[in-house]
Amino acid sequence: MTAARLDIAVSLSRPSFSLVVQETLHCEGITAIIGPNGSGKTTLLRILAGLEQGASGRVSFENEYWQLGKHRVPPHKRGVGYVFQEGRLFPHLTVEGNLKFARPRPDGPRFAFDEIVRALKLEGLLARRPATLSGGEQQRVAIGRALLRAPRLLLMDEPVSALDTASKREILPYIEALPQTFGVPVLYVTHDLDEAARVAREVWALADGRTAARGDAAEVLERIDLWPPAAGAEAGAVLRATVLEREHGMATLGLGEQTLRIPFAAGDPRTTVRLRVHARDVAIATRRPEGLSIRNVLAAEILRIDEADEVHVEVLLAVDDQRLRASITREALAELGLEPGRRVFALVKSVALEGL
């Protein structure tokens, strides 16, 4: 799909919060907008959708102005699809009725009803009412309804945050496939860094209503300065791997010249997956260990050692051409004599990768 240009230069002020954003995005695939609660993620999405009357500034999509000064294009004329945290389906209508309630834009990319139903596997749900659906099923219907509006840009506001783990696993592959299947770029709001690593190639981090970072998902998510403990996030890194085989509930992933064994892989053989590994789930050894229950031992090189707190440091490792983080104590750092440039082994718990 061709990248779509989105220009944003907006501000919004409230008694206890202000948002000031000036960015140009080339939207292609899924861009995750992340940050702690109160950072302005949902407010930004509402501005783009035309739902925030108090915002001022400029918003244009593909050189078409959605907002310029006091002039605002109404939400229904922007060509935007919006998926909320809750499905917001009409309870008195069937699934088919909810889907057909959508009114497509005449100049948008039209998708056939049957095409969307098949892609989201809604065939067996069409006659049912929302109250009889699981949370994941409701969100699939909500996504289908948004697509039937023929959007040029799809906005998703924490669409899986209210779901349990099983439902998240069920729906995330559908979300990942949206840009490729329908050619629609997605802005995806989430506070979950693991989720962002799973679905997005680019990450836009907000803090206190300002841009804290924007760029490749792996590069942004490995920055420990963006995730203070008070924000409830954990340091970690994103690995890209190829599914080599799946058998007996385990998967073998190719990571450059090395491999990983994990209990779950979100993809069929030969597909590429992204895995976020928490720094707390990585240990370091100076010699290759033997007789361990930990399945994954990766040859690595120490690139950098960062301050974390009074007890811990964060060690940035190179694993082939990718990055991994390990959180270890200062005591262990001193005893092992670790320093940049030293060759070591990274021990990764399989359970740390499960579910992505």
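The following questions and answers concern a predicted model.

Q: Is Thr31 buried or exposed?
A: Thr31 lies in strand S3, which spans residues 30-34. The relative accessible area of Thr31 is 2%, and a residue counts as buried when this value is under 20%. Thr31 is therefore buried.

Q: Which residues is Thr31 in contact with, leaving aside its neighbours within four places in sequence?
A: The contacts considered here exclude the neighbours of Thr31 within four places in sequence. With those left aside, Thr31 is in contact with Leu25, Val186, Leu187, Tyr188, Ala200 and Glu202.

Q: How many residues of the contact of H4 with H5 are nonpolar?
A: H4 passes H5 in a right-handed crossing. The contact includes Ile143 and Leu147 of H4 together with Ile171, Leu178 and Phe182 of H5. Among the contact residues, three are polar and three are charged, while the number of nonpolar ones is seven.

Q: How many of the nine residues of helix H1 are buried?
A: Helix H1 covers residues 41-49. Its buried residues are Lys41, Thr43, Leu44, Leu45, Ile47, Leu48 and Ala49. H1 is largely enclosed by the rest of the structure, because the number of its nine residues that are buried is seven.

Q: Which residue follows H1?
A: The residue after H1 has a positive phi, near 85°. This residue is Gly50.

Methods
Residues are numbered from 1 along each chain as its sequence is written. This is a predicted model: local features need pLDDT of at least 70, side-chain atom pairs count only at pLDDT 80 or more; totals for chains, interfaces and linings use all residues. Side-chain values use heavy atoms; hydrogens and water are left out. Helices (H or I, at least four residues) and strands (E, at least two) are DSSP runs, numbered from the N terminus. Buried means under 20% relative accessible area, exposed over 50%, partly exposed in between (1.4 Å probe, protein chains only). Contact means heavy atoms within 4.5 Å. A crossing is left-handed if the near helix is turned anticlockwise from the far one by less than a right angle, and right-handed if clockwise. Ala, Val, Leu, Ile, Met, Phe, Trp, Tyr, Cys and Pro count as nonpolar, Asp, Glu, Lys and Arg as charged, and the others, Gly among them, as polar.
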